[in-house]
Amino acid sequence: MLLKLNKSLLITIATVVIPLLLQFIYIRYVSYNVDKDVYGNFILLQTFISALSMIFLQIPSQAYDRFYNTSDNKVDYVNEFRTMLVFINIVSLLFIVVYGHIMQKFNIEILFLVYLYFILLNNYSFNQKVFLLNLERKKYFILKTSESGAKFFTPLVFYFYFETLTSFIGGVVVGYLISFFILMKYMKNYPFKLNIDWNHYKKYFLYAYPIVFVAIFSWGISFSDRYFIEYYSGTKDVAIYAILAQVAGIGQIIGQAYSMYVNPKVLKMYEENRNEAFKYLKQSLQLIAGIFVILGIIAYFMPVEVYSILLEKTLIMQEYYFNTFYILVLGIFFTVFQTALSMYLQLLKKLHILGYIYLVAFSINIVGNLYIKEYGIIAAAIATLLAYITIFILQFLYIRKYVHV
């Protein structure tokens with residue numbers, strides 16, 4: 001049993017570490033070699049895709065995780081959600097057309113690539129969950145590593161040769177196509193067929209619809225600042241802020257390892273023994289909180305030269321940009337922890353509470369982003385940090401007062 005546990009843990013760690021190494025290469029190359037206007041525009045497109053994903057995919061995603069272990073026929077269950085994706089892909093095309101009309105800075109070719117990117121991304125994300133929820137960690141490791149190649153390797157190869165925005169996003173699309181073929185090989189035991197069950201869809205919707213509001217507010221907190229920066233400071237500052245945020249986002253590796261190892265176990269345990277699931281969740285949260293405190297101290301006192309391995313040296317050596325970076329690091333820690341904490345509300349079907357909490361945090365964030373005009377990108381970092389601290393505090397107070405675990 002111990003050997004099996006250690007093997008599972010090692011595969012989980014590898015699932016995080018290998019993509020992280022690819023991300024290091026990606027950030028380093030982007031920081032030093034990619035034109036800031038090109039990368040800034042790519043971030044704007046990526047931010048839009050994130051918005052589509054949060055609006056359209058949050059209800060299916062939350063319901064998928066929550067009810068997977070209660071389903072009797074896994075093939076039918078998976079195909080219910082695959083069928084949803086067919087309709088989501090159709091509707092999303094309209095949103096992409098409207099976005100292109102509003103922005104007036106991206107041609108039809110780029111918008112078409114964005115559409116392909118969105119289709120591949122949401123289908124890949126959903127289907128690979130089968131292997132995580134089944135605790136088939138080796139297959140999940142291969143799929144996550146392949147996806148990381150799509151996000152961090154192929155776009156750099158294409159940009160190296162062509163040095164355009166079209167080539168950058170085209171590289172992402174090609175990478176996801178390759179990954180999708182690998183995924184389909186693993187999905188042979190889950191043959192696709194249209195499967196519509198309105199009673200099930202109603203159950204999923206009633207359980208997870210509050211998360212749509214959470215998703216919209218969450219996108220506003222995490223990504224809307226890119227558009228504020230574009231408006232007040234310009235595309236180059238969007239690129240700089242995004243690069244700083246990506247390096248700070250390395251702190252999410254703890255959250256990724258946590259969610260891949262802890263969340264499936266908690267969901268499975270909850271169906272068998274409620275009290276044991278809550279006990280395990282509490283211990284896991286205490287552990288990750290301690291890790292973040294230690295990492296926060298290390299991140300502040302680490303020599304700035306270390307960060308120049310990934311970040312352009314002339315940038316990170318400036319106090320203004322270093323302070324912005326460190327605030328983003330703290331924001332990532334609070335982001336990961338409050339997400340882990342929300343598992344209580346997910347298990348007890350109290351997701352609607354998150355909607356109210358995120359609305360408060362979103363309002364704080366929007367007001368904070370207005371100060372970008374006066375103080376620059378550091379205002380965006382502070383606004384995001386304050387928003388996630390607010391979410392953590394309000395969740396903690398609610399769970400402590402109303403949830404008896």
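**Note on the aromatic contacts**

1. Arg28 sits over the face of Tyr32, 4.1 Å from the ring centre. The criterion is NZ of Lys or CZ of Arg within 6 Å of the ring centre and within 35 degrees of the ring normal.

2. This is a predicted model: local features need pLDDT of at least 70, side-chain atom pairs count only at pLDDT 80 or more, and totals for chains, interfaces and linings use all residues. Residues are numbered from 1 along each chain as its sequence is written, and side-chain values use heavy atoms, without hydrogens and water.

3. The protein chain has an average pLDDT (predictor's confidence in each residue, 0 to 100) of 84. At least 70 is reached by 95% of the residues. Over residues 1-5 the pLDDT is below 50. Where pLDDT is low, the predicted coordinates should not be read in detail.

4. The whole structure holds 29 aromatic pairs. Rings of Phe, Tyr and Trp (its six-membered ring) pair with centres within 6.5 Å; planes under 30 degrees apart are stacked, over 60 edge-to-face, the rest tilted. Tyr231 and Tyr232 are edge-to-face, because their planes stand at 75°, with centres 5.2 Å apart. Tyr231 is exposed at 71% relative accessible area; Tyr232 is partly exposed at 30%. Cut-offs: buried under 20%, exposed over 50%, partly exposed in between (1.4 Å probe, protein chains only).

5. Tyr307 and Phe322 make a tilted pair, 6.1 Å centre to centre and 50° between planes. Tyr307 is buried at 10% relative accessibility. Phe322 is also buried, with a relative accessible area of 10%.

Notes:
Contact = heavy atoms within 4.5 Å.
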